[in-house]
Amino acid sequence: MSLQAYINKKVLIITVDGRTLVGTLLSCDQVTNVVLKAAVERVIREHGSEKASEEHPLGNYLIRGDNVVVCGLVDEALDASIDWTKVRGDVIGSTKNI
């Protein structure tokens, strides 16, 4: 499936190294290089961490296609209703709970 249908829509991208990036998809190509507008990196802290989860604004952001694992549409109403500083979760790719 082509990402062309997602142009000008809010998407969430998970990268090979486990980063979570959210922004408006401006452009993409046949090898899944993507450009996000108003990109934000979400840093979700583990359960029990005293530090709050964070969002780091990145502005316009280019992600090489070989770093993209998943790209999906964001439900903007649901996304806006979540206080991301309070969200906790396990590290993507973590095997400590296995």
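Two ground rules. The model is predicted: local features need pLDDT of at least 70, side-chain atom pairs count only at pLDDT 80 or more, and totals for chains, interfaces and linings use all residues. Residues are numbered from 1 along each chain as its sequence is written, and side-chain values use heavy atoms, with hydrogens and water left out.

Five strands form an open sheet, in the order 4-3-2-1-5, with antiparallel pairing. Strands here are DSSP runs (E, at least two residues), numbered from the N terminus. Two strands pair if DSSP finds at least two bridges between them. Strand 4 and strand 5 are the edges, each pairing on one side only.

Now look at one pair. Strand 1 (residues 10-15) and strand 5 run antiparallel, joined by five bridges. Leucine 12 stands opposite glycine 72 in strand 5.

Stay on strand 5. Valine 70 sits there, in residues 68-73. Buried means under 20%, exposed over 50%, partly exposed in between (1.4 Å probe, protein chains only).

Next, a loop. Histidine 47 lies between strand 3 (34-43) and strand 4 (54-63). Histidine 47 is exposed, at 58% relative accessible area. Which residues does histidine 47 contact, leaving aside neighbours within four places in sequence? Arg88, Gly89 and Asp90. Contact means heavy atoms within 4.5 Å.

One last distance. Histidine 47 and valine 35 are twelve residues apart along the chain, and their C-alpha atoms are separated by 32 Å.

Definitions and conventions:
Helix = DSSP H or I, 4+ residues; strand = E, 2+ residues; numbered from the N terminus.
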